[in-house]
Amino acid sequence: MAKANRLFGCIVSLIRDAGGEPVLLSPESLEAGVRGIPNSGTADGGTSGGEKVPDAPGALDGVVLPGGGDVDPRLYGEEPGPTLYDVSEEQDRLDFAVARHALDSGMPVLGICRGHQLLNVLYGGTLIQDMTPGTVPHRQIPAAANRPWVWHEVTIIPGSKVAKMYAAVDSPDGGTAASAGAASADAGKAAAGNAAAGDTAAMGVKIASGHHQAVDRVAPGLLVTAVADDGTVEALEDPERWVASVQWHPEALELTEAQRLAPFRVFVEACGKP
């Protein structure tokens with residue numbers, strides 16, 4: 001939970017640095033529309049001004065669904081397995097309500113890790129409750145506090161919202177994150193199948209990964225826009241509106257400031273902010 005709180009604080013700070021005004025939503029937000037507290041970027045929920053935003057849906061310009069615990073499998077028609085952790089009915093209720101409100105209102109939505117999985121479930125898809133170890137490591141086994149991530153490449157289809165986030169950003173190893181690349185044959189075909197007509201070169205990006213669940217059945221209405229070499233669905237988007245999600249952690253502290261800011265700048269621009 002401490003790790004999740006630190007990452008949440010990072011996301012709040014990055015939204016502010018990208019030109020947005022972060023607003024925290026709590027379970028009380030469900031009582032009267034949308035209510036939030038401008039946050040200082042601290043993980044403990046400190047406020048910048050201490051005043052609440054008006055209780056009106058129009059007070060928000062977009063929604064970020066961050067990482068966290070597992071989504072309750074009963075929400076996608078399955079019984080909970082033994083590997084689940086940090087399942088919270090209250091958190092699920094809040095996140096699904098906020099996400100539905102954002103979609104109904106036409107707001108941009110960015111999902112990160114749990115948020116990526118939650119959007120797939122909200123649209124009608126399912127999840128793999130616990131991934132079988134394979135050719136691509138997606139988390140540290142065993143977990144290590146000083147090494148929270150594993151790093152691997154994903155292939156992003158050109159022309160997608162996620163591709164725009166990572167265009168011309170330097171990679172952690174000194175190369176370029178936005179470079180021509182190829183995944184495995186199956187993964188490459190899955191990505192290419194969603195590419196717009198005329199788009200040819202895929203983009204290879206090295207990402208910070210730390211998850212034991214993943215998208216299983218992709219929901220109707222969502223397109224796969226990034227995959228790992230083992231075929232894991234790493235990004236989704238709605239082609240009819242500004243809704244995008246990534247399975248990885250763009251806020252990881254090991255990345256450069258430019259790498260961390262880029263996705264949030266694109267999101268803030270989509271929200272109509274300068």
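Just after α6, Gly272 takes a positive phi of about 90°. I start there and work back through the chain. This is a predicted model, in which local features need pLDDT of at least 70, side-chain atom pairs count only at pLDDT 80 or more, and totals for chains, interfaces and linings use all residues. Residues are numbered from 1 along each chain as its sequence is written, and side-chain values use heavy atoms, with hydrogens and water left out.

Helix α6 itself covers residues 257-270. Helices here are DSSP runs of H or I with at least four residues, strands are runs of E with at least two, and both are numbered from the N terminus. The 14 residues of α6 should span 20 Å at 1.5 Å a residue, and the end C-alpha atoms are 20 Å apart, which agrees. The expected span is 1.5 Å times one less than the number of residues. Among the buried residues of α6 are Leu261, Phe264, Phe267 and Val268. Buried means under 20% relative accessible area, exposed over 50%, and partly exposed in between, with a 1.4 Å probe and protein chains only.

Now the whole chain. It has six helices and twelve strands, and 48% of its 274 residues count as buried. The accessible surface comes to about 12,600 Å², and 52% of that belongs to carbon and sulfur atoms; the areas come from the Shrake-Rupley method with a 1.4 Å probe, and for residues only the protein chains shown count as cover. A contact means heavy atoms within 4.5 Å. Among contacts between residues at least 6 apart in sequence, 67% join residues at least 24 apart.

Next, aromatic pairs, of which the structure holds two. Tyr166 and Trp248 form an edge-to-face pair, 5.9 Å centre to centre with 65° between the planes. Tyr166 sits in the loop between α4 and β7 and Trp248 in the loop between β12 (243-246) and α6, so the pair ties together parts that are 82 residues apart in sequence. Both Tyr166 and Trp248 are buried. For the criteria: rings of Phe, Tyr and Trp (its six-membered ring) pair if their centres lie within 6.5 Å; planes under 30 degrees apart count as stacked, over 60 as edge-to-face and the rest as tilted.

How many salt bridges does a search of the whole structure find? Seven, where a salt bridge is a side-chain nitrogen of Lys or Arg within 4 Å of a carboxyl oxygen of Asp or Glu. Glu237 pairs with Lys161, the closest N and O atoms being 3.3 Å apart. Glu237 is in strand β11 and Lys161 in helix α4, so this pair ties together parts that are 76 residues apart in sequence. Glu237 is buried at 8% relative accessible area, and Lys161 is buried at 16%.

Arg74 bridges to Asp72 with closest N and O atoms 3.1 Å apart. Arg74 counts as exposed at 53%, whereas Asp72 is buried at 13%. Asp72 lies in the loop between β3 and α2 and touches Pro80, Val87 and Asp92, not counting residues up to four places away in sequence. Asp92 is also linked with Asp95 and Arg114 in a network of salt bridges.

Last, two backbone entries. Asp86, in the loop between β3 (63-65) and α2 (89-105), has a positive phi of about 50° although it is not a glycine. Cys113, also not a glycine, has a positive phi of about 55°. Asp86 is partly exposed at 45%, while Cys113 counts as buried at 8%.
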